[in-house]
Amino acid sequence: MIPRVHKRGARTIGLLKYLYGPGTHEEHVDPHLVAAWDSFAPDPGRDPQATHGQLQQLLDQPVQAVAETRRPAKHVWHLSVRAAPDDPVLSDEQWGEIARRMVAATGIAPASDDSGCRWAAVRHADDHIHIIATLVREDGRKPRLNNDAKRSQTEARLIEAEYGLKQLNTGDGTAAQRPTSAERHKAQRQGRERTAREELRETVRRAVTGAKSEEEFFGRLAAAGLLIRKRAAPSGDLLGYKVALPDDRNKDGEPVFYPGARLAPDLSLPRIRERWSGDAQNDPAPRQDDSMRTGPGAPACARRKTASAAWQAVLFVQQGDDAVAAAHIAAAGEVLDALAATSAAHTRRELRDAAAAFERASRSHVRAARGHDRALRQAARELVHGGPALGRGEDGATTAMAIDMLFFLITAAAHWHAKKGHAQQAEAAARAAEHLRTAYQAAAAQPLGVLYQRGRRLSRPVLQRQTVLLREALPGLADQILAEPGWYALAATITDAEAAGHDPAALLSHAVERRELDTADSVSDVLVWRLRRLADLPADATEMPEKSTAKSPTTARPAASRTTAAGRRFGEEAPGNTR
C-alpha cells in the first residue's frame with residue numbers, strides 16, 4: 001500500500017472537480033465517496049441531487065468560520081492511497097476503513113476527537129482512493145501534521161499486515177520520483193513501454209556513467225538525442241539543466257522538459273559535480289591512459305579491471321566507514337549501467353534489469369565520500385570507452401568474471417543497507433543480485449564448460465595432487481568443493497596457475513580471505529574466476545595449450561620464481577598489471 005501526501009492547495013472546489021471528473025485521460029471510473037467526516041456528507045458521484053459546490057462548502061465551513069488572518073494560505077490537504085499491483089481489489093467498505101485510519105494516523109482527524117478536520121475519501125478506480133481535507137479543525141485550531149507523510153507510511157505497514165496485503169518497505173525520501181498517472185496514461189496512449197520520465201532517467205544515468213566533466217556529460221546527452229536546456233546565473237555559471245525526449249510534447253506541441261533532480265536526487269547538476277570533484281581530489285594529475293583502450297581486446301581488459309575494482313570494493317563496503325561504503329555503493333550503480341550498456345545480447349536484458357533495480361539502492365541519507373570510489377568509476381569509464389563486448393571468447397569469459405565479482409559487491413551492499421535499516425535499498429540490492437545471478441549463468445556456461453572438459457582430461461595423478469592441495473589450503477571448504485560439478489573447472493584452473501609459476505595454495509587462501517562465499521551457488525565456480533583474475537590467466541581457456549593441464553610438478557617453474565604467500569602478495573598488484 002502506497003500513501004502519498006501531495007502538495008497543499010488553495011482551492012477545494014478545484015480538487016473536488018478533478019476527483020469527480022473523468023480524469024486527464026478518461027481514466028476515472030464511477031467516482032464516489034467511500035467515507036467522510038460525516039456519514040451524511042453529500043456524494044456528487046452517486047447522489048443526483050448533490051453537487052461539487054455543496055461538498056466544497058461543507059468542507060470549507062471551518063476555514064470560513066475563522067478570521068481571514070488566521071486562515072492557512074493553502075488550506076487543502078490531499079493524500080492518495082494506492083494498493084500494490086499484486087494486491088486484491090478491496091471493497092468500498094475496506095477502503096472507507098483505510099481512509100479513517102489514515103486521517104487518524106496523520107493528525108487530520110485523530111480517533112475519538114470530534115473536533116478534527118473535515119475530510120472526504122473519493123474512489124474513482126479499483127486500486128486507490130484520494131482523501132481531501134481542509135486544514136482548520138472544528139474548534140478553529142490548526143491540525144498537528146508534523147511528519148504526516150511518515151506517519152501515513154507507518155500506518156500503511158500496519159494495514160498491509162492486517163489485510164494480508166503485499167508488505168512494502170517504508171521509504172526514506174531518497175527514491176526517484178515515480179511517474180504520475182498522467183504520465184503513465186500518456187505513455188500507454190503513445191505506445192511506449194515506459195514513461196518519458198523513466199526513459200530520460202535511464203539515459204541520463206548512462207550519460208553520467210564514468211563521465212569526468214560537464215562537457216563530456218552534456219556531449220553524451222546530445223549524442224543520445226535528448227533535447228537539453230541549461231540554466232545559467234547572470235555571471236554565466238551553469239546552475240542546472242533540463243532534458244526532454246524530442247517526441248514527448250505537451251498539448252501546445254512544446255517539448256516536456258524534466259530537471260535532473262526530478263529524474264533522481266543524484267542526477268541534479270550539483271550532485272553530479274560531486275563525482276567529478278572526487279575524481280580530481282583523488283587523482284589531480286591527468287593520466288596518460290585516460291584516452292582509454294579501444295579496439296580488439298578493450299572490452300575484455302575493461303571487464304578484468306571491473307572485476308578487480310569490485311573485488312577491492314567488497315572490503316570497503318564490508319569494513320570501511322559509512323561515507324566510504326556509500327561512495328562505493330553509488331559507484332557500483334555506474335558500473336552496472338556501463339556493463340549493461342556494453343554487454344552482448346544474451347546477458348543484456350538481465351544486466352539492464354539489475355542496473356534498474358540497483359538504482360534505488362545507490363542512494364541513502366548517508367552522504368557518500370566521493371573520491372574513494374575512483375577505481376569503480378574508472379572501471380565504468382573504461383567499460384563505456386571499451387565498446388560493446390562479444391558474447392564469446394575472452395570478451396564473454398571476462399563478462400562472466402566481472403558479473404561474478406559484482407554479484408558479491410551488490411550482495412555486500414544489500415547487507416550494508418539492511419544493517420542501516422534502509423529497507424527499500426536492501427530489497428532493491430537483493431533484487432539486483434538475483435538478476436546478476438541469472439546473467440552470470442548465461443555468461444559463464446560456455447567458458448566454464450571448456451574448463452570442465454579440460455579438468456576431466458587431467459590425469460589421475462594430477463587430480464589426486466590437486467585434491468590434496470585443496471584439502472590443505474581450504475580444509476573447511478574442500479568436501480563441499482569436491483562434491484560440486486565445478487570442481488573439474490577449478491582443478492584445471494589450479495593446474496594453469498601452477499604452470500604459470502604461481503603458488504596455488506597461496507592463491508586459494510587469498511581468494512577466500514575476508515570475502516564471504518555463503519551466497520554462492522557454486523564455491524568452485526567463484527574460485528575459478530578469483531584464481532584466474534589473481535593469477536592473470538586468460539578467462540577463456542579455449543586457446544590455452546592443452547599440455548599445460550597435464551604439467552607435472554617437475555616441469556613447473558622453480559619454486560623460487562613463484563608468487564609466495566607472504567604479506568599482501570595478491571592484494572598489491574605488480575606495476576603494469578591490469579588484473
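**Rings and their surroundings**

Tutor: The charged end of Arg-229 is placed over the ring of Phe-257, at 4.0 Å from the centre of that ring. Please bear in mind that the model is predicted. A second contact of this kind involves Arg-456, which lies over the face of Tyr-488 with 4.7 Å to the ring centre.

How many aromatic pairs does a search of the whole structure find? The search returns six aromatic pairs. In one of them, Phe-217 and Tyr-241 have ring centres 5.5 Å apart and planes at 80°; since planes over 60 degrees apart count as edge-to-face, the pair is edge-to-face. Phe-217 belongs to helix 7, residues 214-223, and Tyr-241 to strand 7, residues 238-244, so this pair ties together parts that are 24 residues apart in sequence. Phe-217 is buried, because its relative accessible area is 0% and buried means under 20%. Tyr-241 is likewise buried, with a relative accessible area of 5%.

A further aromatic pair is formed by Tyr-452 and Tyr-488, with 5.6 Å from centre to centre and 85° between the planes, which is again edge-to-face. Tyr-452 lies in helix 15, residues 423-456, while Tyr-488 lies in helix 18, residues 487-499, so the pair ties together parts that are 36 residues apart in sequence.

Let us return to Phe-217. This residue is part of one aromatic cluster, whose other members are Phe-218, Tyr-241 and Trp-276. Within helix 7, the buried residues include Phe-217 and Phe-218, together with Glu-216, Arg-220 and Leu-221. In general, an α-helix has 3.6 residues a turn, so residues three or four places apart point the same way. Just after helix 7 comes Gly-225, which takes a positive phi of about 90°.

Positive phi values also occur in residues other than glycine. Asp-30 has a phi near 50° and is located in the loop between helix 1 (12-20) and strand 2 (32-36). At 38% relative accessibility, Asp-30 counts as partly exposed. Ser-112, which is not a glycine either, has a positive phi of about 60°. Its place is the loop between helix 3 (92-106) and strand 4 (119-125), and at 83% relative accessibility Ser-112 counts as exposed.

Strand 5 is joined to strand 3 (residues 76-82) by seven bridges, and the two run antiparallel. Leu-79 has Ile-131 as its bridge partner in strand 5, and Trp-77 stands opposite Ala-133. Strand 4 is joined to strand 5 by six bridges, also in an antiparallel arrangement, and Ala-121 has Ile-131 as its bridge partner. Strand 4 and strand 5 form a hairpin, with two residues between them.

Finally, a pair of helices may be considered. The axes of helix 11 (residues 322-342) and helix 12 (residues 345-358) come within 8 Å and cross at roughly 155°. Angles over 145 degrees count as roughly antiparallel, and helix 11 and helix 12 are therefore roughly antiparallel to each other. Their crossing is left-handed.

Note on methods: Residues are numbered from 1 along each chain as its sequence is written. This is a predicted model: local features need pLDDT of at least 70, side-chain atom pairs count only at pLDDT 80 or more; totals for chains, interfaces and linings use all residues. Side-chain values use heavy atoms; hydrogens and water are left out. Rings of Phe, Tyr and Trp (its six-membered ring) pair if their centres lie within 6.5 Å; planes under 30 degrees apart count as stacked, over 60 as edge-to-face and the rest as tilted. Helices (H or I, at least four residues) and strands (E, at least two) are DSSP runs, numbered from the N terminus. Buried means under 20% relative accessible area, exposed over 50%, partly exposed in between (1.4 Å probe, protein chains only). A charge sits over a ring if NZ of Lys or CZ of Arg is within 6 Å of the ring centre and within 35 degrees of the ring normal. Two strands pair if DSSP finds at least two bridges between them. Axes are lines fitted to C-alpha atoms, for helices over the stretch in contact, and angles run from 0 to 180 degrees between N-to-C directions. Angles under 35 degrees count as roughly parallel, over 145 as roughly antiparallel, 65 to 115 as roughly perpendicular and the rest as oblique. A crossing is left-handed if the near helix is turned anticlockwise from the far one by less than a right angle, and right-handed if clockwise.
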